[in-house]
Amino acid sequence: MAAESKTKHYLNLFLRYFVLIAVGLVMVYPLLWMLGATFKSNSEIFSGVGLFTANPTLEGYKLAMESIGGDINVWKAMLNTFSYVIPKVIFTVISVTLTAYGFGRFEFKGRALLYSLLMATLFLPQVVLNVPQFILFTKLGWVGSKLYLPIIIPTLTAIDTTFVFQMTQFLRGVPKDLDEAAKIDGCTALQTLYKVIVPMLMPSITSVALFQFMWSSNDFMGPLLYVDTPARYPLAIFVKMAMDSDGGTSWNRILALSVISIIPSLIVFFAAQDQFVEGISAGGVKG
């Protein structure tokens, strides 16, 4: 019986890992194909679905280094991207943490109503907000700003309700006894937040920062609406500009640009994946 039970255990283990590996290969195959296609010629890309080529070439990467219109190249586009992505991440973390701290730790008149209204904004699609926001930022003179003001400034107001909800849920799992102990030691509300609460919230803060970094890096509509100078375009728009429909699209160039554009996100994700997973799982079950 023991041998039979052990056999069933190993069989179940084998089947489990076999399914996981098979599903993982299916999910990662498009990424591997994109990476392999960057070393193929433009005509060979459409000749099959194989990952490898008999005649690898760096033509795609050489074309990716070329500038468009003499105004911008891939490195300038990457610098433009990070010039507003990094401030967005920082301001989002600060504003979301303060907002979640207010809703999660303080009792005040209208708190439940305000939180309900905030959560209701989750059901508003961004496409509905594009027109009024564009009109507002146009009247403020922010459209075309060298500092990307229409893209950065809204993050100071905790506009990402999903992050507020996630942080609030995580905060509810932090014992209030810590706040009381800090208060006895003479800490103010902000000192308690900075010295006690924030270290406990680091997994959730990391996941918020990673999500914002990846979403902002891939954002196409925002820069398209508010950036009117090609020299200040981010990578998302630069890749689209590289698709020259009149002269024929060099798909190996597009795929090479795509690989280059996702490298920063991959590096950031793998550098903080442990806290990211902890923040997501804890934020989903606590509260």
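E107 is placed in the loop between α3 and α4 (111–120). In this predicted model, E107 has a relative accessibility of 69% and therefore counts as exposed, the cut-off being over 50%. The C-alpha atoms of E107 and L210 lie 30 Å apart, although 103 residues separate the two along the chain.

T97 belongs to helix α3. In contrast to E107, which is exposed, T97 is buried, with a relative accessible area of 6%. Leaving aside residues up to four places away in sequence, T97 touches T92, M167, L193, V198, L201 and I205.

On the α3 side the contact involves V74, M78 and F82, and on the α12 side L257, I260 and P264. The residues of this contact comprise six nonpolar, no polar and no charged. As a general point, an α-helix has 3.6 residues a turn, so residues three or four places apart point the same way.

**Helix α9**

Helix α9 (residues 189–218) spans only 36 Å between its end C-alpha atoms, whereas a straight helix of 30 residues would span 44 Å at 1.5 Å a residue. Within α9 there is a kink of about 60° at M202, shortly before the proline P203.

Helix α7 (residues 161–171) is mostly covered, with nine of its eleven residues buried.

Y148 is located in the loop between α5 (126–139) and α6 (149–152), and A158 in the loop between α6 and α7. Y148 counts as buried because its relative accessibility of 5% is under 20%. A158 is likewise buried, at 8%.

The accessibility values of the individual residues discussed above are collected here.

| Residue | Relative accessibility | Class |
|---|---|---|
| E107 | 69% | exposed |
| T97 | 6% | buried |
| Y148 | 5% | buried |
| A158 | 8% | buried |

Conventions:
Residues are numbered from 1 along each chain as its sequence is written. This is a predicted model: local features need pLDDT of at least 70, side-chain atom pairs count only at pLDDT 80 or more; totals for chains, interfaces and linings use all residues. Side-chain values use heavy atoms; hydrogens and water are left out. Contact means heavy atoms within 4.5 Å. Helices (H or I, at least four residues) and strands (E, at least two) are DSSP runs, numbered from the N terminus. Ala, Val, Leu, Ile, Met, Phe, Trp, Tyr, Cys and Pro count as nonpolar, Asp, Glu, Lys and Arg as charged, and the others, Gly among them, as polar. Buried means under 20% relative accessible area, exposed over 50%, partly exposed in between (1.4 Å probe, protein chains only). The expected span of a helix is 1.5 Å times one less than its number of residues. The bend at a residue is the angle between axes fitted to the seven residues ending there and the seven starting there.
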